[in-house]
Amino acid sequence: MTEPSLSLQLGVDRTSPVPLYFQLAQQLEAAIEKGALTPGSLLGNEIELAQRLGLSRPTVRQAIQSLVDKGLLVRRRGIGTQVVHSQVKRPLELSSLYDDLEAAGQRPATEVLRNVAEPASARVAAALGIAENSEVRRIERLRYAHGEPMALLTNHLPAELLDCDTERLEATGLYRMMRAAGITLHSARQSVGARAVGEEEAALLGEEPGGPVLTMERTTFDDTGRAVEYGSHIYRASRYSFEFQLLVRP
């Protein structure tokens, strides 16, 4: 069986100031992100890859090790170097994680952990612009990509806004359900941060307690200016990143 890496169009520019190992690592990472190297694929023999590209084994080994360090590859004894997953790079725009994962070919899946009505805390009430202790819908979900946990999502919605059927929540994204119900999502206020993950969260995400996670809080508004959703989410830092596009003011 031909290794997927042997069919890739790989090459290095020896006139470039960019180190050869880094050029190779970038090409392999791009192949993983684009799905040319899928999770579970074997990267191939280092000797064959080095001979094919006219590189030294230490150069190839350094390129592979850099991707092992990023969590994209893993060395398995008796098997070889295997693709684990690609890191999801999510642009900071008004989109749902489900849609972003699906667009990236990451095969999203959802487990609903909680779907209940409860009184709004002061924080939730302030975010949604409602009175404290008003009834809201609390939805907690564990989002998977390629069968691995990716994020722990907690959303609060105004009561009676949407029929939040658990079966539908596990089959599709929350924003898709809102749009299907005629809710026009117009804008959002969002903040991104990082913190250490707690024991219960770590167990759900498959991380070590105290390890780093990314956080995001978002309040989403419809086209009338009404707050329709407040989300407080955590993401595995090893699997996820946010991308910013910055413009220079004239």
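In the predicted model, helix 2 and helix 3 cross in a right-handed sense. The contact draws on Glu-46, Ile-47, Leu-49 and Ala-50 from helix 2, and on Arg-57, Val-60, Arg-61 and Ile-64 from helix 3. By residue class, the contact of helix 2 with helix 3 comprises 5 nonpolar and 3 charged residues, with no polar ones. Two packed helices are described by the angle between their axes and the distance between those axes. For helix 2, which spans residues 46–53, and helix 3, which spans residues 57–69, the packing angle is about 115° and the axes lie 9 Å apart. Because angles of 65 to 115 degrees count as roughly perpendicular, helix 2 and helix 3 are assigned to that class relative to each other.

A further spatial relation involves Gln-26, which is placed in helix 1 (residues 20–34). Gln-26 and Leu-67 are separated by 41 residues in sequence, while their C-alpha atoms are 9.0 Å apart in space. With a relative accessibility of 43%, Gln-26 counts as partly exposed.

Arg-138, located in strand 5 (residues 135–145), has a relative accessibility of 19% and therefore counts as buried, the limit for that class being under 20%. The side chain of Arg-138 forms a polar contact with the side chain of Glu-118 at 3.5 Å, and another polar contact links the Arg-138 side chain to that of His-156 at 3.4 Å. When neighbours within four places in sequence are set aside, the residues in contact with Arg-138 are Arg-114, Asn-115, Val-116, Glu-118, Thr-154, Asn-155 and His-156.

Terms used:
Residues are numbered from 1 along each chain as its sequence is written. This is a predicted model: local features need pLDDT of at least 70, side-chain atom pairs count only at pLDDT 80 or more; totals for chains, interfaces and linings use all residues. Side-chain values use heavy atoms; hydrogens and water are left out. Helices (H or I, at least four residues) and strands (E, at least two) are DSSP runs, numbered from the N terminus. Buried means under 20% relative accessible area, exposed over 50%, partly exposed in between (1.4 Å probe, protein chains only). Axes are lines fitted to C-alpha atoms, for helices over the stretch in contact, and angles run from 0 to 180 degrees between N-to-C directions. Angles under 35 degrees count as roughly parallel, over 145 as roughly antiparallel, 65 to 115 as roughly perpendicular and the rest as oblique. A crossing is left-handed if the near helix is turned anticlockwise from the far one by less than a right angle, and right-handed if clockwise. Contact means heavy atoms within 4.5 Å. Ala, Val, Leu, Ile, Met, Phe, Trp, Tyr, Cys and Pro count as nonpolar, Asp, Glu, Lys and Arg as charged, and the others, Gly among them, as polar. A polar contact is a pair of N or O atoms within 3.5 Å; within protein, one must be able to donate a hydrogen and the other to accept it, and residues adjacent in sequence count only if both atoms are side-chain atoms.
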